[in-house]
Amino acid sequence: MIRGMRHALVVAVGAWALAPSAWAATGEAWRWTGTDGTQHYGDRPAADARAPRRLAASAPAPLARLRMERRNDEHLAWVQNPLDGPIEVLLRAEGPPPQAMPALPARATVPARTERLLTRIAAHGARADVALTAIPGHPNARPRDVEYGYPLAGGAPRIGQSWGGGFSHTDAENRYAIDLAAPVGTPVLAARDGVVMQIEDGFEDAGDLDDDAVARANFVRILHDDGSMALYAHLQAEGVEVRPGQRVRRGDRIARSGNSGLSSGPHLHFAVQVNRGLTLASIPFRMFGPGGVLRLALPPDDAQPVPTGAAPAAADPERL
Ligand SMILES: [Zn+2]
């Protein structure tokens, strides 16, 4: 399961200069051996580092960064999108909204790897707290009906949890996800052409059922040309084999499967997601597996209707 792709950040306008690290953190830690033989630690290895190794991350990298800039009588709120695909953001006030142009809440789409000015907040008022929420994907995405390839190398599909699965496929982000059981290290293949939008692979393969583990899943997010996104999650630590911005074709090897994050056993979590306007939603998809078309359907007792064009409503015989 994977949740929490949205990212919230609270800063106090007027106090922002005191805590720049709140949005400057890279989330990366490295260990390497220096030329003198001693161990060094830092957020990136030195140029002459020997045997550099990225250490397990402690927190997921942010989806967006808020940069407050004081200019005369205003705080300029800039939003940076570090991803290789668009994000939608919302900046709102926690408490009485300060005077701002445009007014809060301010909402915008930020293209890949760009920074844009979201609003100008008057600096003369009382201290105000603002919070930024970010969602991956463009709200105008119009997903096409596409047949996806099977995202794992070899073997007959073993679906551990299908659409609407009661363990963790219950919220909008995960409702139409599938969990494919696979030994750790199984090659993960792109199910559809796209561009690598976001990766995370700094978390250890804990296979944790703790709630805190939700945010510690390694994943690859691939943006398709219709604006939808495929999520490949619970990957092996340091198991991502593509880099952000890389274009991939259906069938290309992109990662190794694992057991990171909130996971009850080694598997790949696969979902197609769309930004439905500051809400990330999974959508039904068709997939061709090694044994033919996968029969995917919501459980009969699920109140959510299956949209037209989805896979046939057959019970899933391979649910573990
Ligand atoms: Zn899952």
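Which residue of β21 does P187 stand opposite? P187 stands opposite R256 in β21.

The model is predicted; local features need pLDDT of at least 70, side-chain atom pairs count only at pLDDT 80 or more, and totals for chains, interfaces and linings use all residues. Residues are numbered from 1 along each chain as its sequence is written.

**Exercise 1.** Determine the strand order of the open sheet and identify its edges.

*Solution.* Strands here are DSSP runs of E with at least two residues, numbered from the N terminus. Two strands pair if DSSP finds at least two bridges between them. Step one: β15 and β21 are antiparallel partners over three bridges. Step two: β19 and β21 (residues 253-257) also pair in the antiparallel sense, over two bridges. Step three: the order of the three strands is therefore β15-β21-β19. Step four: β15 (187-189) and β19 (235-240) each have a single partner strand, so one side of each is left without a neighbour in the sheet.

**Exercise 2.** Locate the residues of β21 that stand opposite L235 and V240.

*Solution.* L235 stands opposite S257 in β21. V240, in turn, stands opposite A255.

**Exercise 3.** State how many residues of β21 are buried.

*Solution.* A residue is buried if 20 or more other C-beta atoms, placed from the backbone, lie within 10 Å of its own. By this criterion, four of the five residues of β21 are buried, and the strand is mostly covered.

Terms used. Buried ≥ 20, exposed ≤ 12 C-beta atoms within 10 Å, placed from the backbone.
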